[in-house]
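Let's walk through this model together, one piece at a time.

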Amino acid sequence: MNVGEPDGGDSTAPDPDGTRTEREPDPEPEAVRSAEAVFGDGMPLARRYADLLTGSGTQRGLIGPREGPRLWSRHLLNCVAAAPLVPRGASVIDVGSGAGLPGLVLAIARPDLRVTLLEPLLRRTTWLDEVVTELDLDVRVLRARAQDCALRADVVTARAVAPLDRLLPLCLPLVRPGGQVLALKGDGAAAELAGAEEELRRGGISAEVVVTGSGAQTSTVVRARVPAGRPGSRAAGRGEPVHGDACPG
Ligand SMILES: C[S@@+](CC[C@H](N)C(=O)[O-])C[C@H]1O[C@@H](n2cnc3c(N)ncnc32)[C@H](O)[C@@H]1O
């Protein structure tokens, strides 16, 4: 169903007093109701982010035109379902953030996190910067490729960036000792994990598939934990905070 089609949402309900403010009906009322439960106080911000994605985000090619009508069910709920896997107060680098998925969703749902969005394409970082300003989020946007960065964070997230055997070499060097990579994957997660066994064994890293959330809001995540004593191969080695910077440009 497209945005704006009548779907039995709130704005088509009777309004005998004529006091209701008109707004577009939710294209996915059930998904939005699920989102309200998980975003809690962050729901107004999540709605504004969703509006930006379906508006300027679509016009400027950040997300495909078919994604708007399934934004909540396919994207926002999928991303926010991973939030419980992130420890309280963690620093987070979202590699290949694109339109901010999952990094901006995590920042909205979990204001305790310190989130950095890492994205190499200027067109995308320009839009992300605008969104961060518009939503008044304390989120950093960095234009760089993961392999060119010497940053560290407690948690490195990635969604739809690369298969696990290519993704892990990009993400693991950005993880602080004792931290983790959370790779949001689909049904093929277990097969991808099997294909990345060699890479994991070499680094002495344990990994598992975790299905988090419930009902419409599940996410299949590969969680790879970096041992506490493991020195990073690219990062500066002192476990400096991610907001300390070390990216080109
Ligand atoms: C298919 S998009 C996914 C975007 C978003 N994570 C999502 O789930 O919708 C992949 C993104 O990864 C970025 N990317 C590709 N290679 C990268 C690299 N080496 N380091 C950082 N980002 C990269 C691309 O620019 C693109 O924005």
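**Starting with two helices**

Helix H1 (residues 29-39) packs against helix H3 (residues 71-80) at an angle of about 15 degrees, and their axes are 10 Å apart. Because of that angle, H1 is roughly parallel to H3, where roughly parallel means under 35 degrees, roughly antiparallel over 145, roughly perpendicular 65 to 115, and oblique the rest. The axes are lines fitted to C-alpha atoms, for helices over the stretch in contact, with angles running from 0 to 180 degrees between N-to-C directions. Helices here are DSSP runs of H or I with at least four residues, strands are E runs with at least two, and both are numbered from the N terminus.

Before going further, note that this is a predicted model: local features need pLDDT of at least 70, side-chain atom pairs count only at pLDDT 80 or more, and totals for chains, interfaces and linings use all residues. Residues are numbered from 1 along each chain as its sequence is written.

Back to the pair: H1 and H3 cross in a left-handed way, meaning that the near helix is turned anticlockwise from the far one by less than a right angle, while clockwise would be right-handed. On the H1 side the contact uses Ala31, Val32, Ser34, Ala35, Val38 and Phe39, and H3 supplies Trp72, Ser73, Leu76, Leu77 and Val80. Contact here means C-beta atoms, placed from the backbone, within 7 Å. The residues of this contact split into 9 nonpolar, 2 polar and no charged. For that count, Ala, Val, Leu, Ile, Met, Phe, Trp, Tyr, Cys and Pro are nonpolar, Asp, Glu, Lys and Arg are charged, and the others, Gly among them, are polar.

Glu30 also lies in H1. Its C-alpha atom is 9.4 Å from that of Trp72, 42 residues away along the chain. Glu30 counts as exposed because it has 12 C-beta neighbours inside 10 Å; the cut-offs are 12 or fewer for exposed, 20 or more for buried, and partly exposed in between, with C-beta atoms placed from the backbone.

What about H3 itself? With 8 of its 10 residues buried, H3 is largely enclosed by the rest of the structure. Those buried residues are Leu71, Trp72, His75, Leu76, Leu77, Asn78, Cys79 and Val80. Their cover includes H1, helix H2 (43-59), helix H4 (103-109), and strands E4 (153-159), E5 (175-185) and E7 (219-225).

H2 has a packing partner too. H2 and H5 meet at an angle of about 145 degrees, with axes 11 Å apart, and their crossing is right-handed. Tyr49, Leu52, Ser56 and Gly57 of H2 touch Trp127, Val131 and Glu134 of H5, a set with 4 nonpolar, 2 polar and 1 charged.

Leaving out residues up to four places away in sequence, Leu128 touches Ser97, Gly100, Leu117, Glu119 and Val141.

Now find the ligand. Of the 18 residues around the ligand, Gly96, Gly98, Leu101, Ala146 and Arg159 come nearest, "around" meaning a C-beta atom, placed from the backbone, within 6 Å. This shell divides into 10 nonpolar, 4 polar and 4 charged.

Finally, zoom out: the protein chain has 8 helices and 7 strands, and 41% of its 249 residues are buried.

Methods
Two residues are in contact if their C-beta atoms, placed from the backbone, lie within 7 Å.
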